[in-house]
Each structure stands twice: as structure tokens, then as C-alpha cells.
Amino acid sequence: MTRMDHIALDEQARAILRGNDRGGYTVPTAGLYPYQWNWDSAFAAWGFATFDVDRAWTEIETLLSGQWEDGMVPHILFHQDDPGYFPGPGVWGTGRTPATSGISQPPVAATLARRIYETDPETGRARLRAVFPKLLAWHRWWRAHRCPTGVAAITHPWESGRDNCPDWDPGMKNVDGSNVGDYTRRDTGHVDPSMRPGKEDYDRYLAILQFGRECGWDQEVIVRDGPFLMADPAMTFILLRAHRDLAALARELGESDAELMGWAADLEAALPSIWNEDLSCYDARDLRTGEFAGVLGSGAFLAWYARVENPEMERRLMAVWNRVRFGIPSSDPAAPSFAPRRYWRGPTWPVVNSLIAMGFSGMGRDAEAERLRRETVELIEAGGFYEYFDPMDGTACGGRDFSWTAAIWLAWASPSAGRD
Ligand code: GLC
């Protein structure tokens, strides 16, 4: 593609972000995801920062407007009801204003807020000062309610942001989904059902949700007695980096970073509990049974993002990457569970690639960072700003005109992006 083609893609990406703007927040894509999603919004903000830094901060502020009293920032904010989405605010029944879901999502906000701040510290300082205590409260919530064994855990597969990846299979098989009652899914009306999670999975997702609602979203009860609790390597790496990035922002504001650095050190010290000897990698682990998932995928690749590395892990992960043609697969093609187009069971996500590449470049692995960027560029050039892609043949999948794909194009993948 020529320079002009890339400029046209830059323009298209900006138009997608503007088109998905619902007034202070961005929807991931029209139709399939009509609300504000937590980590999608943080990425959208990173994209906005390349051409409208004021709008970038607004996105983060709106996201934090959904924060609970205990510090949790929910995974969905239902600013206005949309019958095209299930499960909507009535099903979650959290009784909050704005209405929200009852779980969280990967805390990339502090890391990306740091990037946004660095693009324009002068404009950003006052905005950062206002959001800093809220981000800190959210990080404290992770520490208090999601690190029962030291590493970060999830109470619902949706909390991980990698909804149906095989990492969650050990925990999901013990969830009883037989009593959830009748319901109508909406996702399969927007995109090809063969690319989405199956009915059995969906019954279980709802059973976990119903447990939360029935205990009034009491986090202590959910973590102690809920039907699902798994340690998540990706979440652990994301949180570890986020603590450090928020600590850097604290220093920038003249605040103490001691608490955050302590939480980061504790997370790091707990990492051996999710090291799977058989895989020679960090792995998801069912905290009810101790069982490892035993499957490699994009979660394990996020180690570098948290400045964690080891030569054995590197060999295994590079072999996984070399089994596909485009990007980091959400799950290993050599595993029996691999499905190249079924949501998180194989496909590659440009947005996850952007985080993994941030990890590579932060560790001086410029060749890997550049390879990943190039492969992601090829996908977007040929297929457009889709939600995710088949890592074998590059087929564009899921929702189109996707905010976070447009955002990472502007902030990272595009030849005009200000990468580091
Ligand atoms: C799906 C993804 C999740 C994302 C959401 C909106 O649920 O698994 O990570 O936040 O869609 O894009």
C-alpha cells in the first residue's frame, strides 16, 4: 500500500471513532455492542489522543463515572437501554446509576492514561489529577477483591475480556448451566453464530451472572462461594503493568507511589503459582480445583508487557506464533480446542497485538514488535477495521468498524503512529 492509502486508512479510523461516539463515550461497534465497555473505552481514548486529546480524557472520565462505591469500574456501562443487546441492565440487576454490569474488565486504563498524558502533559495535568484517585481506588479494588491467592483472578470469563478462550474450560466445566431458564441471545443475530460461543457456554455464563445477582453482587461471597474463580495470567500481567504505570503517574503528580509499587511487588512475587511446568509458561488456573488450563495463547504472551521473561517461555511462545501467518493467536493452533474463527478460541485480535507489541518494545525486542505490527497492518489493510481475524488466512471476522481496531491503528499500527 502507498503512503496515500495509509493516510486514507488513518482518516477512516478517525471517522470510525467519531461515528461510534455516543456523546462522551464510544461504543465498540454499532449493533453488536451498543454500550460503553471498559477496556474498549480505554483503547478508544488512546486512539482519540492522536487527534483530540480533550476527547480522549473525556472517554476515561465517562468510564470512571460508572465506578462503584467499593472502587470497581464495571465492564459495561448501560448509559441508555438498547433492546438489541443481551444480557442488558435488567438481567444484571445491579441497581446502579448509570446502570452497569456487576463484574470488571482488564485494567488497561492507567497504562493508556499514561500514554495519553505523555502526548500532551500540559493539557493532561488537570485531567489526570482529577481521575488519579479514581484509578487508584479501582486498583485497590483489584487488590482487595480479585487477588485472593496473590495473582489476579476472574469471577466470570467475561471479566477477562477474552470471553470464551480455552483458558476458562477447566472452571467452566464445573458450572451448572442447566437451570438458567429461557432467554434469547442477541449476539448471534448480529454476526455469524459459528463464530460465537456455543449455547452450553452461554447457559453457564448466565448461571454465573445469576449467582452474582442473587447475592446482591457481594464481592466477598462471589469470590468465596461463586461457581467460577480462575487465576488469569493476562489479567495478572495487565494489572502488574497498570500498577507500575499508575505509580509513575503518581510521581508525576507529586503523590506517593509506595502503595502501588508494593501491590506490584506482591503480584510479581505470586507469579510462580501460575507457572505451569508442563507448558514452561504462565497459565490460567482454576482456583477451586488447582487445575491448569494447559493451553498457550495470547494471555501468556502478555508476560513481556509486565516485564516478565524467561528463555524457556520464549521458546514455547515463539513456536506458537510461528504456527500462524498473522498476529498472535488467542489460542495455540496445536491444541485440540483451536478454532481459527470462533471468538477467543484461536483468532487474533489487533488490540491484543498492540499490548503484546508494547511489551516487546519495552523489553528491547524491536524485531518482534515490528513483526507483530506488520502482520497486524496486513490484516487491517486487506480486511478493514474488524473486531478480529483468522490468524491462518487473515479473514476478517466479528463486528466491523470496530472502535478499538481503529484506535490501535491510529496509536500504534499505522505508519503515521507515534510509536515508541
Ligand atoms: C467481547 C469481548 C470483550 C470486549 C467486548 C466489546 O465481549 O470479548 O473483550 O470488551 O466484546 O468489544
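I began with the second largest cavity, which holds about 70 Å³ of space. This is a predicted model, in which local features need pLDDT of at least 70 and side-chain atom pairs count only at pLDDT 80 or more, while totals for chains, interfaces and linings use all residues. Residues are numbered from 1 along each chain as its sequence is written, and side-chain values use heavy atoms, without hydrogens and water.

I noted the terms. On a 1 Å grid over the protein atoms alone, a cavity is a set of points where a 1.4 Å probe fits but cannot get out; a pocket is an open set with protein on both sides within 12 Å along at least five of seven lines; lining residues have an atom within 4 Å of a point. Grid points are joined across faces, edges and corners, and volume is the space filled by probe spheres set on them.

Which residues lie nearest the centre of the second largest cavity? I found Thr155, Ile208, Gly212, Trp217 and Ile222, out of 13 lining residues. Helix α9 (199–214) gives the largest share of this lining, 4 residues; helices are DSSP runs of H or I, at least four residues, numbered from the N terminus.

I then searched the whole structure and got 4 cavities of 30 Å³ or more. Of its 27 lining residues, Tyr33, Trp37, Asp163, Arg196 and Tyr343 are the closest to the centre. Both α2 (38–48) and α8 (187–190) supply at least two residues of that lining.

Last, I looked up the second largest pocket, at about 280 Å³. Arg114, Arg115, Arg241, Asp245 and Arg307 are the closest to its centre among 20 lining residues. Helix α11 gives the most, 5 residues.
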